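Hi,

Here's the structure I promised to pass on.

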Amino acid sequence: MARVYNFSAGPSMLPEKVLKQAQAELMEYGTSGQSIMEMSHRSPEFMAVAADTEARIRRVLNVPDNYKVGFFQGGATQQFAMVPLNFMTTGKADYLVTGNFSNLAAKEAAKFGQVNIVANSKDKNFTYIPDVHAIEYDKDASYIHICQNNTIFGTTFVDVPQVEGIPLVADMSSCICSKPVDVTRYGCIYFGVQKNIAPAGMAVAIIREDLLGKSAKGLTPEQIPTMMNYTTILNKDSMYNTPNCWNIYMTGLVMKYLEEDIGGLANMQKINEAKAKVLYDYLDSQTFFVNSVEHKYRSMMNVTFTSPNPDMDKKFCAEAAKAGFVNLKGHRLVGGMRASIYNAMPSEGVDKLVQFMEDFRKANA
């Protein structure tokens, strides 16, 4: 059976070249006589893989020397708790709620201190991003937290909060490596890898060194559970316990692909912008399918749309799947459809989807 165009929000498509290399090395990595999934995480072979993966992340994302890079199990959802446990030193933090995952992060953080919801776009069903320059931030906040790209609702930040003396923490799970990012604007960037980077099961965090070694108000750093303590894990180069070796390896392959095949994130951005333009231009050219996100805040990665009614949405998804366009059903919170067009989605996949949409419109309008 031919490979389908997988528009899943995650786990999502991986570059075919990466999959083929992983396939070729599955039984034996290099001349080690064993699979990467079998070898000790402390073996010279795997330590070299991990070091190379980190080095490639640093080059691809242009990570400054005063930031640490770590590999964490539990995905981005575990980071929702690790962030306040390690960074909420004043007992307060500001959260911008612009979708489901930022809301979940805020609820998790409220277990460890006072969470100030300084902006919330729920009033328009998360179809826009609040003006980050018009928000009144708490001068005593330990950090400001955002979810940079909202996978479910298809919105993205066009600018980010910048308050002197208050670090910005960003969940970039669904937009990391889609375009260049100025890491110096953030105190911490974290992301689950299952959308643009690797299979599900790991998160990466990039943390400015001066934020480490602290804890939520009322706790000492020693009271933070060991596996939730950034400093403990980072001081052991993510090898405090057995890490997700397969994901570290796969992340390295994807970083190599971005660096050597794509030519860096500036080129990746051009490719992604062109793909998104094809789909949004089509959505704007007719009235059968509708995207409700304010144009300024439309996500380049997750494109949401609806047809005239839920029954038609269901029919569209079923016929699309038969035609080789899978996982287009929208999240249960919003319904409709969602095309996640991450880095690995080829341009032809978007072109063919648009043609299918037009054929469906003509047949059902």
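Helix H3 (residues 75-87) gives the largest share of the lining of the second largest pocket, four residues; helices here are DSSP runs of H or I, at least four residues, numbered from the N terminus. This is a predicted model, where local features need pLDDT of at least 70, side-chain atom pairs count only at pLDDT 80 or more, and totals for chains, interfaces and linings use all residues. Residues are numbered from 1 along each chain as its sequence is written, and side-chain values use heavy atoms, with hydrogens and water left out.

That second largest pocket has a volume of about 240 Å³. Of its 18 lining residues, Phe101, Thr151, Ser173, Gln194 and Lys195 are the closest to its centre. (A pocket is an open set of points on a 1 Å grid over the protein atoms alone, where a 1.4 Å probe fits, with protein on both sides within 12 Å along at least five of seven lines; lining residues have an atom within 4 Å of a point. The volume is the space filled by probe spheres set on the points.)

The largest pocket holds about 470 Å³ of space. It has 26 lining residues, and Gln148, Thr156, Phe157, Val158 and Lys179 are the closest to its centre.

Is Ser102 buried or exposed? Ser102 counts as buried because its relative accessibility is 1%, and buried means under 20% relative accessible area with a 1.4 Å probe, protein chains only. A polar atom of its side chain lies 3.1 Å from the backbone oxygen of Gly99.

Cheers

Key:
Helix = DSSP H or I, 4+ residues; strand = E, 2+ residues; numbered from the N terminus. Buried < 20%, exposed > 50% of the residue type's maximum accessible area, 1.4 Å probe, protein only. Polar contact = N/O pair within 3.5 Å; in protein donor to acceptor, adjacent residues only side chain to side chain.
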